[in-house]
Amino acid sequence: MPEVTLTTLQKLKQSGEKFAVVTSYDATFTDAACEAGIEVILVGDSLGMVLQGHDSTLPVSVDDMTYHTRCVKRGNRGALIMTDLPFMAYATVEQALASSGQLMQAGAHMVKLEGGHWLCDTVTRLTERGVPVCAHLGLTPQTVNVLGGYKVQGRQEHQARQLRADAIALEQAGAACLLLECVPSELAAEITQSVKIPVIGIGAGGSTDAQVLVMHDLLGLSLSGRSPKFVKNFLLGQNSITDAIAAYVRAVKDGSFPGPEHGFSA
Ligand code: KIV
């Protein structure tokens, strides 16, 4: 696969071709994802739950993310590697610069952080220093204790207004892409139209420029035996993990995933 860069993602948005993102935390799954045609690998702090067995992403450290980014880099064959800045690793601009420096030196091509307009200064400073940023809006798992649980965000008009404004502010601050998690499909469609940068969705309907799934969810694995509404098991009917990831890529590109049943209404 030719190397995927931010320019590739920007061109895909402009041409209307959707792209597929999946989490990976090690070399072997990254190799399989590349073989399957995935454009972006997310080294997500979801590893705190799916690998480490915690009940949230809060215990994950920058060193954990660094270790897994190094593993992913060794298996990568041309995908863009996006790594999460974990909880409290970007509470100040200085912390954000130091944490991101460590992750970029480990092999990340960009970092992802969770939050809205209050992160604009951080996004600008990181971008100026050579760190592209994806801003994660909507259900932001690192603030689960403030949100009062893993709930759909943006159903109330004042929340929707704030999300629209945050998306624009973060784009203006220099964010290279946005990720919307668990927001009503119509709102996600509106935000995707309102910005020039690519918008990746999870539980945000089929109108975003790209989709992301946690690898374990895509393969039908869950610790509790219960999957969120926006998840589909792509291993069903396939002969291998690589085939399952390739089926996900195809479904994202042809628009058959996510279907209306995977989204949320206002
Ligand atoms: O950490 C992660 O895997 C994520 C996705 C759920 C978007 O942020």
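I start with a cysteine pair: the sulfur of Cys134 sits 3.4 Å from the closest cysteine sulfur, that of Cys177, which is too far for a bond. The cut-off here is that a disulfide is a pair of cysteine sulfur atoms within 2.5 Å.

Before going on, a word on the model. It is predicted, so local features need pLDDT of at least 70 and side-chain atom pairs count only at pLDDT 80 or more, while totals for chains, interfaces and linings use all residues. Residues are numbered from 1 along each chain as its sequence is written, and side-chain values use heavy atoms, leaving out hydrogens and water.

Back to the cysteines. How many disulfides does the rule give? The count is zero. Cys120 is in no disulfide either, and its nearest cysteine sulfur, in Cys134, is 14 Å away. Cys134 counts as buried because its relative accessibility is 0%. Cys120 is also buried, at 17%. Buried means under 20% relative accessible area, with a 1.4 Å probe and protein chains only.

Now the ligand. Which residues surround it? They are Thr23, Leu42, Gly44, Asp45, Ser46, Asp84, Lys112, His136, Leu179, Glu181, Val212 and Val214; a residue is near the ligand if one of its heavy atoms lies within 4 Å of it. By class, this shell has four nonpolar, four polar and four charged residues. Gly counts as polar in that scheme, and Asp, Glu, Lys and Arg as charged.

The protein covers 95% of the 260 Å² of accessible area that the ligand has on its own, by the Shrake-Rupley method with a 1.4 Å probe.

Definitions and conventions. Buried < 20%, exposed > 50% of the residue type's maximum accessible area, 1.4 Å probe, protein only.
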